[in-house]
Structure formats: C-alpha cells, structure tokens
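Subject: Handing over the structure

Hello,

Here is the structure I promised to pass on. Please open it alongside this email and follow along as you read.

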Amino acid sequence: MEELSKLKQEIEATQVIVFAGGKAKRFGYSDKPKALLPLGNTTLLDHQIEMFEKCGFKRFVLLVGYMGDKVVAHMKSRHRTLDYVVSFDPDVPKVGKGKALKQAIINKSIDVRKRGVIAFPDDVFLDRSLPYRLLSNHVFSARNHGASLTILLVSGRHYPYGVVRETDAHGRALSFEEKPFIPLLTSTGICVVEPDFYALLMKKVDIKSKGAVEFESIVYPEFARTKKMGVMTIPPDVWCSVNDPKEYEVALEAIKNSQKKKGAR
C-alpha cells in the first residue's frame with residue numbers, strides 16, 4: 001500500500017506535455033488541427049487527455065501551433081476544470097518538436113524542476129492503463145539504474161509493403177511475403193523525462209536554426225550513449241499511430257471494436 005501511495009504522489013507531481021499542433025489537411029480537414037480529428041464520439045486530443053486523467057495525472061501542458069486558437073477554444077469548452085497551460089510555437093518558419101519544447105521552457109509553461117510525460121494525440125493507445133504502468137516502470141528504472149528518460153516501444157510493426165527477402169543468381173524471387181511483421185523495437189513517441197532532459201534540450205536546440213528540429217534525433221542518442229535511457233515494451237496491437245488517412249481508418253476501427261467489447265461486458 002505504501003508503494004502505491006508513493007506512485008500516486010509521483011503521478012500527481014508529473015506534468016503531461018502534449019503536442020497538440022499539426023495539420024489535418026491530408027485527412028480531408030482544412031478547418032481544424034490534427035489534434036481535433038474526430039475519434040468515435042470524441043477527438044484524438046480528448047481521447048489522450050482522458051486516458052491520462054483516469055490514471056491520476058493532474059497537470060497538462062499543451063504545445064500548439066497550426067490553428068492553435070481552435071485547440072484553446074476546444075479546451076475551454078470541453079475541459080473547463082482541467083489544470084492546464086498552453087504554449088504557442090515560436091514564430092519561426094520551421095519549428096519541429098524540439099523548438100516547440102524549448103519555447104515552452106522559455107515561456108515557463110513547462111516546469112523544468114518536474115518530471116514530464118511527453119505525448120502525442122496521434123498515438124492512440126487501446127490499453128488505457130499505459131500511462132500508469134509507464135510511469136511506474138520509469139520510477140523504478142530511474143531509482144535503480146539512473147535512467148533520465150524512458151521511452152515506450154512496441155515489439156515490432158507490420159511493414160506496409162510486400163517483401164522479397166532473397167533472390168537467386170538469375171534474379172528470381174525465392175520467397176514473397178505481403179506486409180510482414182518486422183520484429184524491430186519501435187518507438188511509439190510517448191516518453192517520460194527527468195529535469196536533466198530539459199537542460200540538455202536547452203543546450204542542443206537552437207530556435208533560430210533554419211530547419212525544423214526534432215528532439216528525438218538530438219537528445220535521445222545522447223541519453224542512449226550515456227546509458228540513461230530506459231525502455232518499456234508493449235505488444236503492437238495496443239498502439240495505433242495516425243500519420244496518414246489509412247492509419248486513421250485503422251485507429252477508428254480499433255476504437256469502435258474496443259467500445260463494442262466494453263459494451264458487451
């Protein structure tokens with residue numbers, strides 16, 4: 001019971017940093033940001049916020065860019081009692097996740113003294129207890145192995161194309177497999193970070209640089225090199241990434257099936 005009480009305190013002291021920018025034009029919507037794409041009777045953003053709320057998280061930081069005002073209006077309408085702050089992307093031609101995070105640190109939306117969970121609405125998780133389990137895993141890894149960062153992985157992904165693994169000397173296929181499962185540990189995007197993550201990000205990311213900056217390509221390798229990156233692996237069937245219309249349809253169907261199962265209980 002004491003350990004559960006301590007974990008509850010850790011959860012309540014952790015800020016959830018949600019990337020709520022991005023465009024939805026490739027999904028057929030020109031009037032809303034990607035975070036507000038419909039998902040059953042809710043939106044991608046609501047689906048994620050409610051997952052974290054049910055796991056006991058209390059404070060949220062929303063990073064917004066494209067049509068950010070619509071996200072703000074939605075939050076005021078849908079989540080009136082939620083403890084959250086909003087950080088708008090820096091006014092530069094190309095942003096990326098790294099610059100958006102640094103801007104939120106500069107304007108003090110992110111509390112650099114506190115642990116954070118970084119999450120993305122276009123990662124749809126069917127296991128709604130994942131934030132709780134991920135933080136528990138991270139706290140153990142940080143306490144016992146010095147982890148400053150824990151990333152959530154799936155054990156593999158279905159490759160979206162047909163594959164010939166081997167050919168003979170005459171250029172003939174010796175096998176063919178349509179959309180094979182590739183057992184390569186793959187990041188889902190969600191991660192837990194300690195305060196030294198923010199310090200390294202501030203040092204490595206230049207808001208005035210010409211191109212967009214992705215923090216994963218800059219910060220992750222450093223934590224992996226210094227053995228400060230922990231991992232937690234989950235089955236691939238509890239995660240739907242929503243990066244294109246086809247994946248969006250898969251996520252919609254997965255949510256529908258999940259809701260049917262709940263209704264049948």
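First, some ground rules. This is a predicted model, in which local features need pLDDT of at least 70 and side-chain atom pairs count only at pLDDT 80 or more, while totals for chains, interfaces and linings use all residues. Residues are numbered from 1 along each chain as its sequence is written, and side-chain values use heavy atoms, with hydrogens and water left out.

**The helix pair**

Helices (DSSP runs of H or I, at least four residues) and strands (E, at least two) are numbered from the N terminus. Two packed helices are described by the angle between their axes and the distance between the axes. Helix α4 (residues 96-106) packs against helix α6 (residues 195-204) at about 110°, and their axes are 10 Å apart. The two are therefore roughly perpendicular (the term covers 65 to 115 degrees). Their crossing is left-handed, that is, the near helix is turned anticlockwise from the far one by less than a right angle.

From α4, the residues Gly98, Leu101, Lys102, Ile105 and Ile106 meet Phe197, Tyr198, Leu201 and Met202 of α6 (contact means heavy atoms within 4.5 Å). Sorted by class, this contact has 7 nonpolar, 1 polar and 1 charged residues; Tyr and Met count as nonpolar here, Lys as charged and Gly as polar.

**The buried side of α6**

Phe197, Tyr198, Leu200 and Leu201 are the buried residues of α6 (buried is under 20% relative accessible area, exposed is over 50%, and partly exposed is in between, with a 1.4 Å probe and protein chains only). They lie on the same side of α6, because they cover an arc of only 165° around the axis, taken from the directions from the helix axis to the C-beta atoms. Among the elements covering them are β1 (15-19), α4, β6 (116-119) and β13 (186-193).

- Met67 sits in the loop between β4 (59-64) and α3 (68-78). Its phi is near 50°, a positive value in a residue other than glycine, and Met67 is partly exposed at 26%.
- Lys108 is in the loop between α4 and β6. Lys108 also has a positive phi, near 65°, and is exposed, at 70% relative accessibility.
- Thr188 belongs to strand β13 and is buried, at 2%. Beyond neighbours within four places in sequence, Thr188 contacts Asp123, Phe125, Leu152, Leu153, Val154 and Trp239.

Best wishes

Technical notes
Axes fitted to C-alpha atoms, helices over the stretch in contact; angles between N-to-C directions. Parallel < 35°, antiparallel > 145°, perpendicular 65-115°, else oblique.
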